[in-house]
Amino acid sequence: MESSTSDTTLAKPTVDLTGGHTVRRYDQELAKLRSIILQMGERVIDQTQAAVAALIEEDESQAYRVLDREPLVDYLSLDADEEVFRVIARRQPTAVDLRIVLALSKIAGEVERAGDKAARIARQALELRQQETDGVLVTEALREAFQALDDKACCMFERSVHAVTTFDVTQALAIFENEPALYAAAQALREQLSASGSDGLVPRQAITLFHCAQALKHIGSHASNIAEQVIYVALGQDVRYRNREILIETLRHHGY
Amino acid sequence: MNTLVETMDKTTTGAISSADLAKDRPSSATVGDVTVADPRMTCRSVDVWYGAKQAIKGVSLDIGKNEVLSMIGPSGCGKSTFLRCLNRMNDTIDGCRVTGSIKLDEQDIYDKSLDPVPLRAQVGMVFQKPNPFPKSIYENVAYGPRIHGLTNNKAELDELVETSLRKAGLWNEVKDRLDQPGTGLSGGQQQRLCIARTIAVSPEVILMDEPCSALDPIATAIIEELIDELRANYSIAIVTHSMQQAARVSQRTAYFHLGDLIEVGETNQIFTNPQHKLTEDYITGRFG
């Protein structure tokens, strides 16, 4: 081995990774692709918050609004696909550009599926309204548990969208670090639903609420998947399926 | 591509080495392993000066057996100069001075006792612009073996010409007009004729200096297919300005910048995750 193996400090990206091409149109094309995905992400955050509000406030009109707006995220994902094809065909991206295009394509899929989960929660909220017989279905305790899970899932998702704006490894790591709290909130909600016979829920209603809890947890998981892609772009390392604790420790050790 | 075992190991450990992550290195040190397990040529600490101007700065690099090594970099980075050191073509340039060590199969090619003429048969060269001799197609291929005394009679020479033209993928196109001028062929055919001429003297290494830059995409594809076939029998070093070509044809890629060898590595790695920022900036079109 005659080459250098000298270790140097990891440089944090200080410039926009999509920029700096001699052909400035290329910068614009990558920025456009990312901008579509950021738009999708912002819509999904709104959709999720509205869907959870529809559920815990038992507000049908909110649920219908979520379902009406769902196709907008799908249409944006089609736009993102078209941009991905266009960039690959015209620019033949390599290295970090190739990683950006591949990652943004996968992120678009994650965001689109997170949007589906928000719509699922809205549909379940409507189903609950149809099942409802007497009195308040979602008790105060359940409402608080849903709100806690929603806060964690939406916080992770919002952070993941922000991480995409600058392919920020530090933000991506923060999302990984939030996973245990997400899982704990989901587990607490599941336990509450399992023991909710005394709250007057029939099994079918409990199962519907359980599906909502699962959908919220999955939105948090989509955020983690997006964070993995952010790290892939920034560091060129595929960190899927790696031990999270060691991964976080390693990257923190390198100053992230 | 990681093996399953490597993937599982990463799953278990989650660890990423510093070497995996580092992007910024001292500019004077080459990133990546310049050596190969089975080298045909070994270059160590090669410096080249044109008069007082240093064109190559301490470059070390191996060329492996049966591999295609591509050399990329902006104009003036020294990649063609380095290529021309490999068969002493720079000897013909006044004021050019080469130091360091360049060996072909353990033989120092700059040894004062070594005759550069047979060396240039062992390490053949194909140039940017096809340059057939103003002779017949047959004579273009037969000339080298004849002056090097590689055949004993006409039948052997005929066979060698045919074999060389077949290896260069040109035989079927020219077998009925071997007596016609080589210069009458198309650009792509002329370049394959030059490759046949190089092959005819049984080289170990073929150097190619932008061999497709004067060719259309179809002729380029034919040459690239030929390069892939020739790899079975020869070591090939190619200088190209087409990064897509480097990505398509080579197993290893070396990136030069201002006379330094900045990075060398598996072509897949160089084009998906180069370790040096200069390499990344160049191959992604951010300067140059």
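**Strands, a hairpin and a helical chain**

Modeller: Let's start with a strand pair. Strand β3 (residues 68–72) of chain B and strand β8 (residues 235–239) of chain B run parallel, joined by four bridges. Keep in mind that this is a predicted model.

Biologist: Which residue stands opposite S70(B) in β8(B)?
Modeller: I238(B) does.

Biologist: And in β9(B), what is the bridge partner of S70(B)?
Modeller: There the partner is T253(B). β3(B) and β9(B) also pair in the parallel sense, over four bridges.

Biologist: What holds strands together like that, in general?
Modeller: Backbone hydrogen bonds pair the strands of a sheet, in either a parallel or an antiparallel way.

Biologist: How many strands are in the open sheet of chain B, and in what order?
Modeller: Six, in the order β6-β7-β8-β3-β9-β10. The pairing is mixed.
Modeller: β6 (123–126) and β10 (260–266) of chain B are the edge strands, each pairing on one side only. On average, neighbouring strands of this sheet are turned by 20° against each other, direction ignored.

Biologist: Which helix packs on the sheet?
Modeller: Helix α8 (residues 187–199) of chain B does. α8 touches β6 and β7 (205–209) of chain B, and its direction makes about 170° with that of β6(B).

Biologist: Back to strand β9 of chain B. Is it mostly covered or exposed?
Modeller: Mostly covered. Strand β9 (residues 252–257) of chain B has six of its six residues buried.

Biologist: Which residues sit on each side of β9(B)?
Modeller: R252(B), A254(B) and F256(B) are on one side. T253(B), Y255(B) and H257(B) are on the other. Both faces are covered.
Modeller: In a regular strand, side chains alternate between the two faces of the sheet.

Biologist: How do β9(B) and β10(B) run, parallel or antiparallel?
Modeller: Antiparallel, with six bridges joining them. T253(B) turns up again here, opposite G265(B) in β10(B).

Biologist: How many residues lie between the strands in that hairpin of β9(B) and β10(B)?
Modeller: Two. In this hairpin, L258(B) takes a positive phi near 50°.

Biologist: New topic. How many helices and strands are there in chain A?
Modeller: Seven helices and zero strands. Along the sequence, the pattern of chain A reads α-α-α-α-α-α-α.

Biologist: What box do the C-alpha atoms of chain A fill?
Modeller: Roughly 75 × 35 × 25 Å, along the principal axes.

Biologist: And what share of chain A is buried?
Modeller: 46% of its 256 residues. Among contacts in chain A with a separation of 6 or more, 81% come from residues 24 or more positions apart.

Methods: Residues are numbered from 1 along each chain as its sequence is written. Chains are lettered from A and ligands numbered from 1 in the order in which they are written. This is a predicted model: local features need pLDDT of at least 70, side-chain atom pairs count only at pLDDT 80 or more; totals for chains, interfaces and linings use all residues. Two strands pair if DSSP finds at least two bridges between them. Axes are lines fitted to C-alpha atoms, for helices over the stretch in contact, and angles run from 0 to 180 degrees between N-to-C directions. Two residues are in contact if their C-beta atoms, placed from the backbone, lie within 7 Å. A residue is buried if 20 or more other C-beta atoms lie within 10 Å of its own, exposed if 12 or fewer, and partly exposed in between; C-beta atoms are placed from the backbone.
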